[in-house]
Amino acid sequence: MGIARAWWVWLLVVAVGALGSSRLCSSSSPTINNSSCLSWRLAVEANNARAWRTVPPDCHDYVGSYMTGGQYQRDLDMVVQQITAYITTDLQLSNNNYSAWILDVDDTCLSNVLYYRRKRFGCDPYDPTGFRSWAAKGASPAVPAIHTLFRKLVTTGFKVFLITGRDGDSLAHSTTQNLHTQGYTGYQRLFMRNSSYKGQSAVAFKSEIRKQLVDQGYKILGNVGDQWSDLAGDCAGERTFKIPNPMYFVP
C-alpha cells in the first residue's frame with residue numbers, strides 16, 4: 001500500500017509542478033534564460049559551482065520545469081541504469097557477506113520536491129526550521145528509481161546502509177517511519193547526525209560513519225547521493241554515483 005501511495009504522490013508532484021511551471025514560464029526570452037540556466041545546472045552537477053546558497057532567481061522557472069517536467073526522472077533513470085550495469089557485470093559479492101552499499105536519504109531515497117516547490121525550487125534561502133517541520137511530518141514520497149535500486153541491492157545480497165545529515169534526536173522516529181511506509185525495509189542501519197557530530201560538515205560526518213563501517217570489516221562497493229558531500233571524503237566506496245539535484249547545495 002505504501003509503495004503504491006509513493007507512486008501516486010510522485011505523479012502528483014509531477015502534475016502539480018507542471019501546472020506551476022506552465023504558469024511561471026512566461027519569460028520574454030525563454031530560450032536565452034533556459035540556455036544560461038542549463039549551463040548553471042551543468043556547473044552544479046559537475047561540482048564546478050560550489051558553496052552556492054540559492055538557485056539564481058532567473059532560473060526559478062527552469063529548475064521547476066526540470067524537476068517536475070520529466071527530465072529529472074529521465075536523468076535519474078540513466079544513473080540507475082549505470083548502477084545496475086555495474087552491479088550485474090562488474091561486481092562479485094564477497095563470501096563473508098560484508099559487501100556494503102551506501103545510500104543518502106534526502107532527495108536520494110526520499111523526495112522533498114513538494115517542500116522545495118514552496119521554497120521556489122531553491123531560489124529561497126535554506127530554512128532549517130521549515131525543513132525540520134516538513135521532515136517531522138514523515139510525508140516525503142519515495143524516489144521511484146532509487147526505491148527500485150534499493151530493492152535490487154537488498155535482494156542481490158548487499159548490506160545497505162542509509163546515512164543522513166538529519167538530526168537523530170528530533171527526527172529519528174519520523175524518518176524511520178517515513179522510510180518504512182515508502183517501502184524501504186531490509187536495510188542494515190540508518191545513521192543520523194547526533195550531538196557527537198554537531199557542527200561538522202556533511203563530508204566529515206559521513207566520512208566518519210563510512211570509516212566505522214570499514215573498520216568493522218565492510219567493503220563499500222557503491223555509494224549514491226544527490227550531493228557531492230555524500231560522495232567526498234574518506235572511505236567513499238569503490239564507485240560513487242551522483243544523482244541530480246539543482247535545488248540546493250550541502251557543504
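Analyst: The structure holds three cavities of 30 Å³ or more. On a 1 Å grid over the protein atoms alone, a cavity is a set of points where a 1.4 Å probe fits but cannot get out, while a pocket is an open set with protein on both sides within 12 Å along at least five of seven lines; lining residues have an atom within 4 Å of a point. Grid points are joined across faces, edges and corners, and a volume is the space filled by probe spheres set on the points. One caution: this is a predicted model, where local features need pLDDT of at least 70 and side-chain atom pairs count only at pLDDT 80 or more, though totals for chains, interfaces and linings use all residues. Residues are numbered from 1 along each chain as its sequence is written, and side-chain values use heavy atoms, with hydrogens and water left out.

User: How much space lies in the largest cavity, and which residues line it?

Analyst: The general idea is that rolling a probe the size of a water molecule over the atoms shows where empty space is left. Here the largest cavity has about 70 Å³ of space. Its lining includes V44, W52, W228, Y248 and F249. By class, that lining has six nonpolar, three polar and three charged residues. Ala, Val, Leu, Ile, Met, Phe, Trp, Tyr, Cys and Pro count as nonpolar, Asp, Glu, Lys and Arg as charged, and the others, Gly among them, as polar.

User: And what about the largest pocket: how much space lies in it?

Analyst: About 950 Å³. Among the 36 residues that line the largest pocket, Y126, G165, F249, V250 and P251 are the closest to its centre. Strand 2 gives the most to this lining, with four residues. Helices (H or I, at least four residues) and strands (E, at least two) are DSSP runs, numbered from the N terminus. The pocket lining divides into 16 nonpolar, seven polar and 13 charged residues.

User: Next, disulfides. Which cysteines does a disulfide join here?

Analyst: In general, a disulfide is a covalent bond between the sulfur atoms of two cysteines. The working cut-off is a pair of cysteine sulfur atoms within 2.5 Å. Searching the whole structure finds one disulfide. C37 is joined to C59, with S to S at 2.1 Å. C37 lies in helix 2 (residues 30-45) and C59 in the loop between helix 2 and helix 3 (60-68), so the pair ties together parts that are 22 residues apart in sequence. The link of C37 and C59 is left-handed, with -95° about the S-S bond.

User: Are C37 and C59 buried or exposed?

Analyst: Both are buried. Buried means under 20% relative accessible area, exposed over 50%, and partly exposed in between (1.4 Å probe, protein chains only). C109 is buried too, with a relative accessible area of 0%, whereas C235 counts as partly exposed at 29% relative accessibility.

User: How many aromatic pairs does a search of the whole structure find?

Analyst: It finds 16 aromatic pairs. A pair of aromatic rings is described by the distance of the centres and the angle of the planes. Rings of Phe, Tyr and Trp (its six-membered ring) pair if their centres lie within 6.5 Å; planes under 30 degrees apart count as stacked, over 60 as edge-to-face and the rest as tilted. Take Y86 and W101, a tilted pair at 6.0 Å centre to centre with 50° between the planes. Both Y86 and W101 are buried.
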